[in-house]
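Consider the two chains shown below. The account that follows treats each chain in turn and then the contact between them.

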Amino acid sequence: MKIILLEPDKVLADTYRQALMQAGHKVVMCASAQAAIFAADELKPDLVIMELQLTGHSGIEFLYEFRSYDDWATLPVLVLTNVPAGEFTGSWDLLRDQLGVSGYHYKPITTLRTLLRSVNTLAPVHP
Amino acid sequence: MAHVESQQLLLGLAEQLKLPLLQIARRAELSSLGQEVDLGAIQSTADAALRLIDSYVLGVRLAESGQESLVLEPVAVSSVLYDTAQQLDSVAKFYGVHLELSIGGKYGPVLTNRQGLQAALTSLGMALIEALPALDSKHLTLQLGAHRSRYGIVAGLYSDTQTLTKETLRRGNALVGKSRQPLVGVSHSSGAGVFVADAILQAMNLRLQTTRHNRLYGLGAVLQSNNQLQLV
């Protein structure tokens, strides 16, 4: 699976990348929303894994832009974030129904194994 | 530092500390998945987190003890910047950030609290190193520099990113402890290192300011040189 990993922390991104690559996926790391848009154009990804807390933009802004392109309108997106579910339960309908987010993981309690399982099955995990 | 400010800073710090703990936890797990993990990187991450906690405690203690009991000593700004670069070196490597010292010129000693100044610059440096890879920085270089301005000697940390503005800092100060990303244009995290640095400097009757040097944008403190000390 070709994956775009939109993660602003370089050290953490590198750790996720290694785990995903070991599981046989091709991963492109992007630290910013703009870089992810460019990378998606190049890679034609099968999945985007993204943090909602980005520098300069919110992840939701990124998703609005991302979904505005026909090619990526239905691409699976997995949210892996430091924002606890309780802080955006009101926005979950927006994320799932309008922005097509397939699953949500709260970073502090999401192990690499959990992430890999989720990537492999793309089963939605709801807050 | 008022009680509310101290609590807001603590909230920002708690949020910030999730990052190194998360990095350590996931790298440990990566090792259990059979991948080779750099133990030195884990140690640097933990050391940096401990230093940030120490800096926060120092800021609160300095603020509580008051200006009158602040221990002042003649300090060479260039030596503080050099030591700060040493402390930041290992973390900078893991983030792919190049550290550069720009301490040419004679500035003479300043009368300040050396421990406080160094803790402030180190906290600031950690925050900027973490932030730079996700910014518009072309060169991923953090310059630790001193220069003379009409207000005094400026000791600061500089990069080529243009988001380090006065307005960003002003908004950040208003949002610390209330927003997940008070410095949204600069950092994806709580940016606690920047606010801890500001708290320490304020306790020393100084202030964190935006500054420009060598066409770079930065944050730093203005220190007053002391002519009498130069004669000693």
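The paragraphs below move from the overall layout to individual helices.

This is a predicted model, in which local features need pLDDT of at least 70 and side-chain atom pairs count only at pLDDT 80 or more, while totals for chains, interfaces and linings use all residues. Residues are numbered from 1 along each chain as its sequence is written, and chains are lettered from A and ligands numbered from 1 in the order in which they are written.

Chain A contains five helices and five strands; helices (H or I, at least four residues) and strands (E, at least two) are DSSP runs, numbered from the N terminus. Read from the N terminus, the order in chain A is β-α-β-α-β-α-β-α-β-α. Its radius of gyration, 13 Å, is close to the 14 Å that the globule rule gives for 127 residues, so chain A is as compact as a globular protein of that length. The radius is taken over C-alpha atoms, and the rule is 2.2 Å times the number of residues to the power 0.38. Along the principal axes, the C-alpha atoms of chain A fill a box of roughly 35 × 30 × 30 Å. Buried residues account for 41% of the 127 in chain A; a residue is buried if 20 or more other C-beta atoms lie within 10 Å of its own, exposed if 12 or fewer, and partly exposed in between, with C-beta atoms placed from the backbone.

Chain B has seven helices and seven strands, arranged from the N terminus as α-α-β-α-β-β-α-β-β-α-α-β-β-α. Its radius of gyration of 17 Å agrees with the value near 17 Å for a compact globule of 232 residues. The C-alpha trace of chain B spans about 60 × 40 × 30 Å along its principal axes, and 46% of the 232 residues are buried. Of the contacts in chain B with a separation of 6 or more, 76% join residues 24 or more positions apart; two residues are in contact if their C-beta atoms, placed from the backbone, lie within 7 Å.

Where do the two chains meet? Contact involves 21 residues of chain A and 25 residues of chain B. Helix α1 (residues 10–22) of chain A supplies the largest share of the chain A side, seven residues. By class, that side has nine nonpolar, nine polar and three charged residues. Here Ala, Val, Leu, Ile, Met, Phe, Trp, Tyr, Cys and Pro count as nonpolar, Asp, Glu, Lys and Arg as charged, and the others, Gly among them, as polar.

Helix α1 of chain B covers residues 3–32 and reaches 43 Å from its first C-alpha to its last, close to the expected 44 Å; the expected span is 1.5 Å times one less than the number of residues. Among its buried residues are B:L9, B:G12, B:L13 and B:Q16. Their cover includes α1 and α5 (112–121) of chain A, together with α2 (39–65) and α6 (192–203) of chain B.

In α6(B), 11 of the 12 residues are buried, so this helix is largely enclosed by the rest of the structure. The cover of its buried residues includes α1, α2, α4 (114–131), α5 (166–175), β6 (208–213) and β7 (216–223) of chain B. Just after α6(B), B:N205 adopts a positive phi of about 65°.

Helix α3 (residues 77–94) of chain B bends by about 45° at B:L88, the bend being the angle between axes fitted to the seven residues ending there and the seven starting there. B:L88 is also one of the buried residues of α3(B).
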